[in-house]
Number of protein chains: 4
Amino acid sequence: MKKNTAVLLIHCPDKKGIIRSVTDFIFENEGNIIYLDQHTDAASDHFFMRIKWDLENFLISPDKIGEYFDTLIAKKFQMEWTLHFSDQKKRMAIFVTKLSHCLYDILYRYQSKEWNIEIPFIVSNHEKLKPIAEQFSIPFYHFPMTKENKAEQEAKQLALLKKENIDLIVFARYMQIVTDDFISHYPNKIINIHHSFLPAFVGSKPYHAAHQRGVKIIGATSHYVTADLDAGPIIEQGVAYVSHREKVRDFIRKGKDIEKIVLSKGIAKDLNHKILVYNNRTVVFD
Amino acid sequence: MKKNTAVLLIHCPDKKGIIRSVTDFIFENEGNIIYLDQHTDAASDHFFMRIKWDLENFLISPDKIGEYFDTLIAKKFQMEWTLHFSDQKKRMAIFVTKLSHCLYDILYRYQSKEWNIEIPFIVSNHEKLKPIAEQFSIPFYHFPMTKENKAEQEAKQLALLKKENIDLIVFARYMQIVTDDFISHYPNKIINIHHSFLPAFVGSKPYHAAHQRGVKIIGATSHYVTADLDAGPIIEQGVAYVSHREKVRDFIRKGKDIEKIVLSKGIAKDLNHKILVYNNRTVVFD
Amino acid sequence: MKKNTAVLLIHCPDKKGIIRSVTDFIFENEGNIIYLDQHTDAASDHFFMRIKWDLENFLISPDKIGEYFDTLIAKKFQMEWTLHFSDQKKRMAIFVTKLSHCLYDILYRYQSKEWNIEIPFIVSNHEKLKPIAEQFSIPFYHFPMTKENKAEQEAKQLALLKKENIDLIVFARYMQIVTDDFISHYPNKIINIHHSFLPAFVGSKPYHAAHQRGVKIIGATSHYVTADLDAGPIIEQGVAYVSHREKVRDFIRKGKDIEKIVLSKGIAKDLNHKILVYNNRTVVFD
Amino acid sequence: MKKNTAVLLIHCPDKKGIIRSVTDFIFENEGNIIYLDQHTDAASDHFFMRIKWDLENFLISPDKIGEYFDTLIAKKFQMEWTLHFSDQKKRMAIFVTKLSHCLYDILYRYQSKEWNIEIPFIVSNHEKLKPIAEQFSIPFYHFPMTKENKAEQEAKQLALLKKENIDLIVFARYMQIVTDDFISHYPNKIINIHHSFLPAFVGSKPYHAAHQRGVKIIGATSHYVTADLDAGPIIEQGVAYVSHREKVRDFIRKGKDIEKIVLSKGIAKDLNHKILVYNNRTVVFD
């Protein structure tokens, strides 16, 4: 059996003694540090840290670690922090429309247990991908969207997400603009894949725009969704070379391979608690 | 001694029989085709071709090939074409401001004879890089620029370019916006390096903007200069991964390595007559 | 409905007039050339060509094109050639062992009709991946392998392949060394994915070897299978950066993403009749 | 003026409390940590660390830091460590033969002050690149090599290196196999560029071998020189895609662009004290 480990993700104003205090906290309580990485953003003088340790002989019980850490360390340094345990399974919901490549890539990782998650359901504004949900035995909810019913449908989606205790939402080529209200319930908890190298080609039909512009490289970007369209914190980007020979449909086909990998890599970073968000940018630890 | 070869770059509306006619023209006159590549742009129904052949036993003398080809083939298909010979040396002028990385990269290729060119002079709006020009024994012309003297200085530059029979101008991080009039004298004959992955981060300070946006990949683009700033036909693009650890100055430093390679690759494509421009896009043959 | 097109893949000793003759053949019979690319290998003086044309008004009926081309053109130039039609579906068999990532990637492309193929069955020496075959409703044949039964099992596999008129075999992480005899029935018709950047790390456990050597880039290679282990003609290669932080299991995980894309790209090149093999090397047209 | 900073590079058997002790040492003496990264190699249970701090208010004077650290911390954990100060300039010697691309790339970074180094001289077994040394005003020493005079010439080279207090030697396409004795004087202090993606194509003429094998990607590797040819610890690797169209001379030309960047990146990592070597592998911190 795999040993249980804890991960602390911390950020706060930079100050002398932070690393010392945190490592002391773990060391004095018999924890063995497996991973420590930190980053100071020079411009904002802000400090970021990820620390992971073995819970085997740790003197503080897992359910008390948060309280102790907050009292003894975090308050002193005005830290914002989250605590995660390796034996917890994240619950992830997938939103799709009609394109299947990202969905398949996620489901294969789920089914082959590459990721330690639960996928309680798939949501779509179309019925086209329902057979894939069935093929992988995952409940499929169809929420058709019109201008008129959007608020109502989103309310139903939110109720479903809440009922199922969803930790992370993935827009796997979900071709809908969601409302700010929807997003506000899941800050930095919705990952989207945009089919361009952001900030180039924001909005719809980026491959058409890229072809029109005559670029020699196309790309894809996974990012957290914020109220600003395609302007949220970037997690991961990927690119591929293209030539004049390639038509828009070749860009689309080639782009799919980038999109699915870039999305899955972004999800994996989140699932492994490697991402901190600050000032609309990400710190993505190794 | 290397054999003399000819390259024809052709484009015209697509029509049956073009390839047949061109290959016939060469074959019937005892030319041996060394390279043939063609491309049809499906959207515009436009045809592009690059063909290279050995002139050794070719029955038409080099100075007559253009005339014959135009009369016998090109007119029939409404072709636009250019003819180039491997024993011709292009004459290239370099424009710089204060940054030296692209300049060194070009001069090393020139001095080590990687490129078969003449560089009759270097132009700059500053004096900072004059010592490098001297180090490589190339005349250096200083044209300081102000709002007031711009027209006058450009006129002098144009006179110099004309006098020296310049075929190709390279903006090797020349931090000046040139006038449309200047550009109009050298259509698709000025290559610029822009220090971003176009069309992202047009204009000045792209690395600052990229850092601000929190991108995970930076890039550079070599393109022909047109009247629209940073919007000319793209020749070559390159990228590099970056992380949250990297400051703006790291982007700049890392970007330099991409810029110089992307610019030199773009120049090499032009020098080898591999580029056709149509509708603000390039066809770049292998 | 999509128009039917023909593709000719040709290679022969280089000689004046080949392109002219082939383009004449198509032009004189009212074919419109959609694609033409050629390559001459300077070292061996050997010529390669891929030409694609629209059959709509072509004067020779599809079933006669091969005969006419052979008689009128191919014999004269000692050409080896194959002729393909866009309305033909290739029949592809997949061989797997226990790893599923390549299999899923192929099946998703099949199921989403990215590829115009039939997959009549999946073969494995283990039963582990049977549920995936069932999930995608594809017959699954289990051929357990021992030293003793290898000849016998391969004979059965060959009978099955023949019965099902298989055109292309894909080893999607099939962890068996097949006999020369087996391979001899499908020359340049078996595509394998090797989980290293060949020729580095031939044989088993390449990720372990790569980790041991301390490389900073790992890769994968799709190639045709020949009697020499991991030494067949390379179709496609891909790479990813790695760091000292990554364990062997990280190489393996990251490598899977490269492997599946590199294998699928290699298969797509073959399905689109873009590959010629000569002297254990490939010519892969765009 | 830039502030003086210190960097400690440490490795030792892994044990609880290392990070705590080191950060305590700096914190208690009023140092502000600017960078901390660590790595534990799970297989060998070995710990690696790079820590950088501001010396401005540090209570221990720079010339005493080493002694104090060794006594108070290093001995307790059996650490091997090196200490570096940002106001120290490394002295670097360059060895070349006939190819100039890496040499130019290094000299441009030196001349433009991208690197904070001294280059007291260039060594070569040929005279071809002497003019470049003169162009950059750097002393050039010619040591022609034969089987007979090798020992004698290396002795002279070692004397020169010693006299000039050389910290780092760069083999910038130095086409000589140096003796084990020579190497033993500069363990992990000689950086070589090999013109292939190691461990593929060890030895001479790797581009010829790569072309012969029909690879689709070529590469270059910078590594520390050890007694085993092309088998030393890898620092940095880079690659580029190639196609069947490219001849050996195209591989060579394209490879040069990779080589010079990969070598210069490797040198920069060393100059910035970011590399630890253990078990013939490198830990390269960000």
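Contact means heavy atoms within 4.5 Å. Every view below shows a predicted model, in which local features need pLDDT of at least 70 and side-chain atom pairs count only at pLDDT 80 or more, while totals for chains, interfaces and linings use all residues. Residues are numbered from 1 along each chain as its sequence is written, chains are lettered from A and ligands numbered from 1 in the order in which they are written, and side-chain values use heavy atoms, with hydrogens and water left out.

**View 1. Where chain B meets chain C.**
Here 17 residues from chain B are in contact with 17 residues from chain C. About 1700 Å² is buried between chain B and chain C, with 47% of that area coming from carbon and sulfur atoms; buried area is the accessible area (1.4 Å probe) lost when two parts are put together, summed over both. Look for Lys16(B), Arg20(B) and Phe27(B): they supply 37% of what chain B buries against chain C, more than any other three residues.

Chain B and chain C share 6 salt bridges, each a side-chain nitrogen of Lys or Arg within 4 Å of a carboxyl oxygen of Asp or Glu. One of them pairs Arg20(B) with Asp24(C), whose closest N and O atoms lie 2.9 Å apart. On the side of chain B that touches chain C, the elements giving two or more residues are helix H1 (18-28) and strand E2 (32-41) of chain B. That side holds 5 nonpolar, 5 polar and 7 charged residues (Ala, Val, Leu, Ile, Met, Phe, Trp, Tyr, Cys and Pro count as nonpolar, Asp, Glu, Lys and Arg as charged, and the others, Gly among them, as polar).

**View 2**

**View 3. Where chain A meets chain B.**
In this view, 35 residues from chain A are in contact with 35 residues from chain B. The area buried between chain A and chain B is about 2900 Å², and carbon and sulfur atoms give 56% of it. A rotation of 180°, with 0.0 Å of shift along its axis, superposes chain A on chain B at an RMSD of 0.0 Å. Within chain A, the C-alpha nearest that axis belongs to Ala200(A), at 2.3 Å. Both copies use the same surface, as 100% of the contact residues of chain A recur in chain B.

**View 4. Pairs and elements between chain A and chain B.**
The interface of chain A and chain B holds 2 salt bridges. Zoom in on Arg245(A) and Asp37(B), which form a salt bridge with their closest N and O atoms 2.4 Å apart. Between chain A and chain B, 24 residue pairs are in polar contact, both at pLDDT 80 or more. Strand E2 (32-41), helix H7 (206-213), strand E12 (234-241) and strand E14 (281-284) of chain A each bring at least two residues to the side that touches chain B. E12(A) gives the most to that side, with 7 residues. The side of chain A that touches chain B is made up of 16 nonpolar, 11 polar and 8 charged residues.

**View 5. Backbone details in the loops.**
Leu198(A) and Pro199(A) are joined by a cis peptide bond with omega of about 10°. Pro199(A) sits in the loop between strand E10 (190-194) and H7 of chain A. In chain B, a cis peptide bond joins Leu198(B) and Pro199(B), with omega of about 10°. Asn165(A) has a positive phi, near 55°, in a residue other than glycine. Asn165(A) is placed in the loop between helix H5 (150-163) and strand E9 (168-171) of chain A. Helices (H or I, at least four residues) and strands (E, at least two) are DSSP runs numbered from the N terminus.

How values were computed. Polar contact = N/O pair within 3.5 Å; in protein donor to acceptor, adjacent residues only side chain to side chain. Least-squares fit on C-alpha atoms with pLDDT ≥ 70 in both.
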